[in-house]
Amino acid sequence: MENLKILYISQEITPFLPESPISNKARRLPQYMNENGHEIRVFMPRFGVINERRHQLHEVIRLSGMNLVINDSDHPLIIKVASIPQVRMQVYFIDNEEYFKRKAVFKDEDEKFFEDNDERSLFFCKGVLETVKKLGWKPDIIHCHGWMSSMVPMLVKRMFHEDPHFENSRIIYSAYKNDIQEQFDNELIAKYEYDEIDAEHVEVIRDASLLNLHKLALQYADAVIMGDAKVDKGLDKAIEEAGLPTLDYQGEEDYEAAYEEFYKTVFEEVEALV
């Protein structure tokens, strides 16, 4: 297949958040793929630090209004959108008053890791997949960037496995250096019960460390891309043990063509598992 439908799910994208290896790639890759004839959709969380007025975010009423169940509570899903005019790229934002209104990203003003970051991640991942369904769009490739997207592979394979929107999707997880050291809520595994996901399928996160969230992503992903030249030893070992098709680190310049070829290889050669 020459032209692919590619869904980008990233915890950060420049210029909405500061530059980083993740935010730069999540900004440049969709632009390149779009300019090369591929169809793209791009999603990130609407963190409260994002200036809605400066970036001209506005709500998409036809996509908002759904409630997502997180830990046995209903949370309204709000979808916003903004454009990056100079590259003609549209970005969808997953928003919720409880999870994303605060003027911070992952830590408060005292550098304390938010206790509900696990639920914020789960809300973000479910929100993206539900919105893609509502758009009536069937991605060929789902490319996840950052730990906030690490639950997507498992949700696609376990919660959305009978949904025709994702039946032919291949999931690629980009591995980056750990940017946090904190522990997530060890009750995370129990929160999946409300999505009817058996604990045996998410056993790896019984100890809810960042490394184990990465392992959960690798357990259900179809392929891996090394987003940084070096990652933590534990993650490096987990990638090796997963045995997935892997694209080595491509540097910070001119990596887009290698990603495009890898997308095509993964789509054509990796058997759909859903």
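Which strands and helix do the buried residues of α1 pack against? The legends below take up this question first and then turn to other close-up views. The model is a predicted one, in which local features need pLDDT of at least 70 and side-chain atom pairs count only at pLDDT 80 or more, while totals for chains, interfaces and linings use all residues. Residues are numbered from 1 along each chain as its sequence is written, and side-chain values use heavy atoms, with hydrogens and water left out.

**View 1. Helix α1 and its packing partners.** Helix α1 covers residues 21–35, where helices (H or I, at least four residues) and strands (E, at least two) are DSSP runs numbered from the N terminus. Its 15 residues reach 21 Å from the first C-alpha to the last, close to the 21 Å expected at 1.5 Å a residue, the expected span being 1.5 Å times one less than the number of residues. Buried residues of α1 include Ile22, Lys25, Leu29, Pro30 and Met33, with buried meaning under 20% relative accessible area, exposed over 50%, and partly exposed in between (1.4 Å probe, protein chains only). The buried residues of α1 pack against β1 (5–10), β2, β6 (78–84), β7 (89–95), β8 and α9 (256–269), contact being heavy atoms within 4.5 Å. After α1 comes Gly37, with a positive phi near 95°.

View 2. In helix α8 (residues 233–242), the buried residues are Leu235, Ala238 and Ile239. These residues cover an arc of only 100° around the axis, which puts them on the same side of α8; the arc is that of the directions from the helix axis to the C-beta atoms. The face turned away from this buried side carries the exposed residues Lys233, Lys237, Glu240 and Glu241. The buried residues of α8 pack against β9 (170–175), α7 (210–220), β10 (223–226) and β11 (246–247).

View 3. The structure holds 13 aromatic pairs, counted where rings of Phe, Tyr and Trp (its six-membered ring) have centres within 6.5 Å, with planes under 30 degrees apart called stacked, over 60 edge-to-face and the rest tilted. Phe47 and Phe100 form an edge-to-face pair, 5.7 Å centre to centre with 80° between the planes. Because Phe47 lies in the loop between β2 (39–45) and α2 (52–55) and Phe100 in helix α3 (residues 97–100), the pair ties together parts that are 53 residues apart in sequence. Both Phe47 and Phe100 are buried. Phe106 and Trp147 form a tilted pair, 4.9 Å centre to centre with 50° between the planes, and this pair links the loop between α3 and α4 (117–135) to the loop between β8 (141–145) and α5 (152–158), 41 residues apart. Phe106 and Trp147 are likewise buried. One aromatic cluster is formed by Phe47, Tyr99, Phe100, Phe106, Phe113, Phe123, Trp147 and Phe184.

**View 4. Charges over rings.** The charged end of Lys25 sits over the ring of Tyr255, 5.1 Å from its centre, by the rule that NZ of Lys or CZ of Arg is within 6 Å of the ring centre and within 35 degrees of the ring normal. Arg170 lies over the face of Phe267, at 4.8 Å from the ring centre.

View 5. With a disulfide taken as a pair of cysteine sulfur atoms within 2.5 Å, the count comes to 0. Cys125 is in no disulfide, and the nearest cysteine sulfur, that of Cys144, is 7.3 Å away. Cys125 counts as buried, at 0% relative accessibility, and Cys144 counts as buried at 0% relative accessibility.
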